[in-house]
Amino acid sequence: SDRFSSSNGKREADGFMTANVKFGYDFGNGLLAETGLKNLLDEDYELEEGYPEPGRTVFANLRYTF
């Protein structure tokens, strides 16, 4: 929903929705691989006036636990 986002309280930021997706595979023996997308639809939005959030972001993680 809309909310105030300026220093003087007069500017309202538009509402927004983002979608994220993550896939993971457990190889066993404590090895886990993950990959995904943040902001899948590449939505332009700001949480604070003058500070835009990143667009679509790809990530990959590899974790080993022992």
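Biologist: What is the strand order of the open three-stranded sheet?

Modeller: First, what counts. Strands are DSSP runs of E with at least two residues, helices are runs of H or I with at least four, and both are numbered from the N terminus. Two strands pair if DSSP finds at least two bridges between them. In this predicted model, the order is E3-E4-E7, with antiparallel pairing. E3 and E7 are the edge strands, each pairing on one side only. From one strand to the next, the twist averages 10°. Axes here are lines fitted to C-alpha atoms (for helices, over the stretch in contact), with angles from 0 to 180 degrees between N-to-C directions.

Biologist: How many bridges join E3 to E4?

Modeller: Seven bridges join E3 (residues 21-28) to E4 (residues 31-38), and the two run antiparallel. Gly28 has Leu31 in E4 as its bridge partner. Tyr25 stands opposite Ala33 in E4. The hairpin has two residues between the strands, and Asn29 there takes a positive phi near 55°.

Biologist: How many bridges does E4 form with E7?

Modeller: Eight, with E7 (residues 57-64) pairing to E4 in the antiparallel sense. One point to check on screen is Thr35, whose bridge partner in E7 is Ala60.

Biologist: How do side chains sit in a regular strand?

Modeller: They alternate between the two faces of the sheet. Now check burial. Buried means under 20% relative accessible area, exposed means over 50%, and partly exposed lies in between (1.4 Å probe, protein chains only). E3 has eight residues and zero of them are buried, so E3 lies largely in the open.

Biologist: Is Phe4 buried or exposed?

Modeller: Phe4 is in strand E1 (residues 3-4). Its relative accessibility is 59%, so Phe4 counts as exposed. Sequence distance and spatial distance should be read separately. Phe4 and Glu48 are 44 residues apart in sequence, with their C-alpha atoms 8.9 Å apart in space.

Biologist: What does Asn39 touch?

Modeller: Contact means heavy atoms within 4.5 Å. Setting aside neighbours within four places in sequence, Asn39 is in contact with Thr18, Ala19, Asn20, Tyr45, Pro54, Gly55 and Arg56. A polar atom of the Asn39 side chain also lies 2.9 Å from the backbone nitrogen of Glu43.

Biologist: How many helices and strands does the protein have?

Modeller: Zero helices and seven strands. From the N terminus, the elements run β-β-β-β-β-β-β. Buried residues are 12% of the 66 in the protein. Among contacts with a separation of 6 or more, 38% come from residues 24 or more positions apart. The protein exposes about 5,500 Å², with carbon and sulfur atoms supplying 53%. Accessible areas come from the Shrake-Rupley method with a 1.4 Å probe, and for residues only the protein chains shown count as cover.

Technical notes: Residues are numbered from 1 along each chain as its sequence is written. This is a predicted model: local features need pLDDT of at least 70, side-chain atom pairs count only at pLDDT 80 or more; totals for chains, interfaces and linings use all residues. Side-chain values use heavy atoms; hydrogens and water are left out. A polar contact is a pair of N or O atoms within 3.5 Å; within protein, one must be able to donate a hydrogen and the other to accept it, and residues adjacent in sequence count only if both atoms are side-chain atoms.
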